[in-house]
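Hello,

Here is the structure I promised to pass on. Please open it and follow along with the notes below.

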Amino acid sequence: MSALGDQFESILEAFKSKLNAKEREDFQFVTLNDVRETALQIQKDHENLRTMMNMSRLQSFLEAMNQFGEVLGVFANANVYVAFVWGPMKFILQTASTWSDSFETILDAYRQIGEHMPLLMQYKSVFGQKLDMRRVLALIYTDILEFHKKAVKLFKGKNDIWRHLFRSIWKEFGARFKGILENLRQHKQLISEQANVLHYEQSQSDSQAMLAHIQKYEQDREEKRERLKKKEKDERDRKQLAVLHWFSAAASTASDHDKFRETRNASAGSGQWILKNEKVQNWREMDTPVSSVLWVNGIPGAGKTILASVLIDSCLQDPSYTTSYFYCNEADPEKNDCISIYRGLLSQLLSKCRELIPYCYEKHLSSGELNLTSTTLAEQLLKYYFEMMSKQFIIIDGLDECNQGQRKLVLTFFNTMVDRFDEREPGKLRVLFISQAFPDIEKALLKAETLKLTEDDNKKDIKSYIEDWSKKIRELYGLTAEQVKFIVDSTMIRSRGMFLFVKLVMENLYEQGTRRDLLNEIEVYPFPEEIGEAYESILKRLERNMGKRQWEIVKKLLGWMVCAKRPLKWREIQAAISIDAEDETINLDEGGLRQSVEYYCGSLIQVLGGDRVELVHTTAKMHIKASKHIRPSAVECKLAALCLRYLTFRCFGEDVDLEDLQFHAEEGLLSFQDYAAAKWHQHVHAIINTSIHDFTTDPESQAALQELEAGLEEFYNRYQQEVVLPSILDDALEDCSPFQAYPFHAKLLHVWNHVYQHDRKGTEARKEIGIKALSEVIMRNRDVIETLAAARDFDSEKITAYYGEKHFKCPRPNCFYFHEGFKAAKSRDQHINRHDRPFDCLFPDCSIAEFGFSSNKDLEKHKKMFHPETTDQAEAFTAQTKVVAKARWKCDLCDKRFTRGFHLKSHLRSHAGERPFKCGECGRAFTRDNDKKRHEKLHTRR
């Protein structure tokens with residue numbers, strides 16, 4: 001094979017590697033005549049539908065490509081190579097012709113390529129006499145195949161999904177397409193230049209110069225191509241980050257999974273048995289499983305989450321499937337509802353199918369949402385990912401930790417998706433749910449394969465875990481073999497398949513502290529019979545081993561974790577416990593805890609990613625809340641009082657000296673403001689919802705009520721001007737009536753009336769801190785923290801300990817980034833801009849696109865004024881309208897509904913590609929008369 005043949009073969013093989021076996025087979029023998037026949041048939045079909053298009057636009061490309069093949073045929077077997085131009089072209093035309101918008105775009109693309117390609121027959125002698133010029137033929141071939149590679153990938157989407165993605169993906173391809181056209185123009189110019197000098201006699205030096213010229217030309221072209229690729233990658237990476245931010249998925253999913261993996265790895269082989277289960281193997285491995293949905297259910301504490309992590313890791317190792325997963329958590333607002341699950345899955349899928357980044361980015365900009373909150377839109381995106389990707393595992397653990405309404409949404413969606421894919425490709429989408437056996441979940445998953453965990457399933461793992469811990473206990477406390485056997489047997493017989501019970505018992509025994517206490521625990525005190533007693537044993541051990549002051553700290557920490565309105569970070573706990581409300585200080589050096597939270601609370605808590613402190617299990621919250629050790633009503637009062645009093649400290653005064661404020665910030669006095677400012681009213685709400693009978697005459701309750709009285713008094717006095725409203729609503733009076741006998745009733749009534757009326761204003765009002773004066777000082781205080789963080793002479797470790805690493809925060813209290821923040825001011829400002837002006841113009845190079853618009857109405861007004869040429873395309877790409885009761889006219893092609901029949905008729909023209917309304921000035925055709933009239937106004941403006 002010649003050098004030119006080798007070069008073409010290499011180019012073709014690279015192109016074929018991107019095709020599947022069927023495409024390679026379909027394309028390999030296609031000829032120019034096949035393409036012409038296809039074009040003629042399409043023209044006839046459109047003529048019958050009265051949707052004629054200007055098919056002559058193909059002619060320039062067909063002629064140029066035909067001449068390319070004839071010239072190439074002199075030096076190589078051209079038919080082999082041009083077949084992989086004609087084959088993709090035939091496929092693209094057949095697919096695109098079913099939709100007028102895409103067909104119009106493709107016809108115009110071929111027209112532009114044809115106009116930029118040289119007609120090579122007139123230059124045939126150039127390639128015959130100048131061997132180095134043949135390399136330009138390979139460059140032309142590369143550019144044509146690059147265009148077809150993108151187009152084939154776009155149009156081979158299943159179930160016409162490409163129609164939904166076409167606009168965004170083609171727009172992103174625009175820069176690359178322009179680069180291809182520019183390359184072809186330069187090839188054409190080079191060939192023409194060399195033809196002009198051909199009639200002069202060339203010397204050897206000219207031949208060497210020619211080679212150098214071609215090599216430099218190839219090098220410049222490759223450098224330009226690499227720059228363009230980098231620019232495209234940078235742009236796509238930018239869009240990916242923007243979409244990830246929009247998805248706003250729980251940031252701790254991956255770190256939680258790592259934590260669960262670490263937990264099971266502590267006991268070798270833990271959970272591996274489930275991979276050998278017949279039902280699991282059928283779901284994972286069979287080409288056509290019994291059911292594409294598997295439901296694993298079991299009792300609380302059975303180790304279901306650890307088993308989920310085993311299954312996730314196993315699925316992640318299967319290269320033929322893409323695996324996405326989510327761990328639900330009842331206590332975490334980012335993990336306990338339908339949209340949280342969708343966000344988590346989408347954030348993982350985004351990087352695994354980058355072709356959908358442009359579409360997701362457009363949806364992000366046009367949604368008007370700072371964060372993805374629409375379950376309908378999220379389901380649409382998930383559907384497209386499921387369509388685009390070949391095979392997928394979806395694993396959702398802890399579905400029972402979402403409420404029933406949210407569970408129903410998730411189950412309905414995934415059942416629908418699985419049924420849809422199983423009809424045409426069984427096993428393409430496989431979903432695994434792990435939860436307790438709740439009746440509503442069982443009803444929704446009647447068709448699913450069910451694996452009910454029994455105590456025999458994990459007995460071997462439990463025994464191995466007990467034996468491992470028993471060895472540690474024996475070594476630490478010097479137990480006899482008989483004593484160890486008693487621990488093993490007693491724990492094993494009571495475990496009944498509950499791994500959490502075993503974990504609590506063994507860790508509690510290990511942490512007894514002295515041999516005497518351990519022997520008392522196993523010989524004197526009754527051995528725990530069930531998980532509630534296991535929790536109680538831990539609490540009793542903590543109470544017994546801790547001093548009185550330390551035990552009070554333990555109860556305070558546990559009470560906070562039960563009643564906190566979001567998971568607290570360890571630094572927030574340290575700040576809260578160091579607050580001295582009388583002196584209005586937070587003295588972390590004097591009041592901060594010197595031991596870790598694990599030291600105080602033992603195995604009752606877990607520290608997760610982001611320094612979040614949570615209870616070990618939902619059953620722990622249930623037991624602690626019901627135990628005698630804490631009184632939830634008293635904890636709510638104390639937390640409310642803590643927040644209310646803290647927000648009246650001098651550092652929240654409007655007239656505080658800047659130098660004093662900087663000093664307070666340096667000492668960590670502002671480290672509790674994010675939680676207090678965002679959650680004080682929720683704690684007041686919790687008190688209102690508490691039964692008055694929960695406030696008994698015991699010393700703890702009375703002390704809590706006194707703290708609440710002080711907090712309400714100070715808060716009322718500080719913010720009275722805004723808290724006292726012109727009227728008190730009857731509902732607020734009724735809500736506060738149970739507290740009439742208490743001296744703080746009047747203050748509580750005013751504060752609650754303010755909270756109640758603020759919440760009644762709706763979603764927009766809840767985006768702001770309800771008290772303007774408080775909002776202003778919070779923003780001022782944050783400015784001080786940001787300044788300190790940027791100062792070179794300030795102790796960075798100290799400020800990180802007080803305020804974390806992300807100091808630039810969103811001002812909206814209901815936003816995740818109000819407390820989470822950003823590392824850079826620019827990121828925060830971009831985030832806020834999306835809050836304030838969430839509607840963006842998608843028109844390329846729009847000069848004001850980066851600023852956005854505050855409403856969709858303003859955006860539409862801008863588009864009509866500055867980009868009127870795009871408005872006639874809007875109907876094809878807008879999201880499906882919401883179905884209302886009076887919309888009686890339904891489109892059979894896309895399920896859209898209309899309130900008037902003539903709207904449906906107009907809409908049907910867009911499907912058929914009909915454009916009966918022509919501009920009298922330029923002849924441009926439109927589907928709707930109104931669009932034509934709006935367009936004609938452009939001519940009058942000029």
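Ring pairs join Phe-61, Trp-86, Tyr-110, Phe-147, Trp-170, Phe-173 and Phe-177 into a cluster. Rings of Phe, Tyr and Trp (its six-membered ring) pair if their centres lie within 6.5 Å; planes under 30 degrees apart count as stacked, over 60 as edge-to-face, and the rest as tilted.

Before you go on, note that this is a predicted model: local features need pLDDT of at least 70, side-chain atom pairs count only at pLDDT 80 or more, and totals for chains, interfaces and linings use all residues. Residues are numbered from 1 along each chain as its sequence is written, and side-chain values use heavy atoms, with hydrogens and water left out.

The structure holds 44 aromatic pairs. One of them is Phe-68 with Tyr-141, which is stacked: 6.3 Å centre to centre, with 10° between the planes. This pair links distant parts of the chain, 73 residues apart. Phe-68 is in helix H4 (residues 59-73) and Tyr-141 in helix H8 (residues 134-155). Helices are DSSP runs (H or I, at least four residues), numbered from the N terminus. Phe-68 and Tyr-141 are buried, meaning under 20% relative accessible area (1.4 Å probe, protein chains only).

Next, Tyr-802 and Tyr-803 form an edge-to-face pair, 6.0 Å centre to centre and 85° between the planes. Tyr-802 is buried at 10% relative accessible area. Tyr-803 is buried at 6%.

Now the charges. Lys-472 lies over the face of Trp-469, 4.4 Å from the ring centre. The charged end of Arg-782 sits over the ring of Phe-818, 4.2 Å from its centre. The test: NZ of Lys or CZ of Arg is within 6 Å of the ring centre and within 35 degrees of the ring normal.

Best wishes

How values were computed. Helices (H or I, at least four residues) and strands (E, at least two) are DSSP runs, numbered from the N terminus. Buried means under 20% relative accessible area, exposed over 50%, partly exposed in between (1.4 Å probe, protein chains only).
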